[in-house]
Amino acid sequence: MRTIITQTYQSPVGELLLGVFEDQLCLCDWKYRKMRQTIDQRIQSGLNAAYQEGSHPVLEKAVVQLNEYFNSERKTFELPLHFVGSDFQKSVWNALAHIPFGETKSYLALSQQLQNPDAIRAVASANGANAISIIVPCHRIIGSDGNLVGYAGGLEAKKKLLRLEGIQQFSKPGQIQLFN
């Protein structure tokens, strides 16, 4: 059986499980999320591979870039990615990867961008199944009313990530503003 090399990364907002398969990052996900087992099964069966803890140059590069991101020294990631999921999920994750640092988008706007405005729930489900968190910035998805919505790493982690990117949610619902 093939191998997905994994290691744990302690971020300032929670513990992440990183994984690389054939020189591509396939996993950067919250270690203690509710869907941990489902995500792991999808990745391992989709790649016909098993997790094995270890080190790899792509994992080292991911750690360096994550550290730079958390130190406000990086706005984009430059890592080879391998998405494991359906074609629809991959299209959602690819769209997520193109949401710029410091910007947010709603599920509705994302489904419209994918030219499927009626697929809001499917887009939300694919967003929730993202296994490459932060690097594929599912934290940049908010509700249409501007409020924070569910996040695999928890809403506190999501708030911290958005604040790190200069986004502040104000007490007035629906009003999100960048601050300098």
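## A tucked-in glutamine

Gln89 is buried, with a relative accessible area of 17%; buried means under 20%, exposed means over 50%, and partly exposed is in between, using a 1.4 Å probe on protein chains only. This is a predicted model, where local features need pLDDT of at least 70, side-chain atom pairs count only at pLDDT 80 or more, and totals for chains, interfaces and linings use all residues. Residues are numbered from 1 along each chain as its sequence is written, and side-chain values use heavy atoms, with hydrogens and water left out.

You'll find Gln89 in helix α3, residues 87–97. Helices (H or I, at least four residues) and strands (E, at least two) are DSSP runs, numbered from the N terminus. Leaving aside neighbours within four places in sequence, Gln89 is in contact with Arg42, Ala126 and Ala129, where contact means heavy atoms within 4.5 Å. Gln89 and Ala129 are 40 residues apart in sequence, but their C-alpha atoms are 8.0 Å apart in space. The side chain of Gln89 also reaches the backbone nitrogen of Ser86 at 2.9 Å.

## Arg74 in its loop

Next up is Arg74, which sits in the loop between α2 (57–70) and α3. Is Arg74 buried or exposed? Arg74 is buried, with a relative accessible area of 16%.

The side chain of Arg74 makes a polar contact of 2.7 Å with the side chain of Glu68. A polar contact is a pair of N or O atoms within 3.5 Å; within protein, one must be able to donate a hydrogen and the other to accept it, and residues adjacent in sequence count only if both atoms are side-chain atoms. A polar atom of the Arg74 side chain also lies 2.7 Å from the backbone oxygen of Thr76. Beyond four places in sequence, Arg74 is in contact with Gln65, Glu68, Tyr69 and Phe101. From Arg74 to Phe101 it's 27 residues along the sequence and 9.4 Å in space, C-alpha to C-alpha.

One of the bridge partners to look for is Leu27 in β3, which goes with Gly19. The hairpin has two residues between the strands, and Glu22 takes a positive phi near 45 degrees. Asp23 has a positive phi too, about 65 degrees, although it is not a glycine.

How many of the seven residues of β3 are buried? Six of them are, so β3 is mostly covered. Asp29 is in this strand and counts as buried, at 0% relative accessibility. The side chains of Asp29 and Arg36 are joined by a polar contact of 3.2 Å.

## A cavity is a set of points, on a 1 Å grid over the protein atoms alone, where a 1.4 Å probe fits but cannot get out, and lining residues have an atom within 4 Å of a point. The largest cavity has a volume of about 40 Å³, counted as the space filled by probe spheres set on the points. Among its lining residues are Cys26, Arg42, His82 and Trp93.

Technical notes. Pairing = 2+ DSSP bridges. 1 Å grid on protein atoms, 1.4 Å probe; cavity = no way out; pocket = protein on both sides within 12 Å on 5 of 7 lines; lining within 4 Å.
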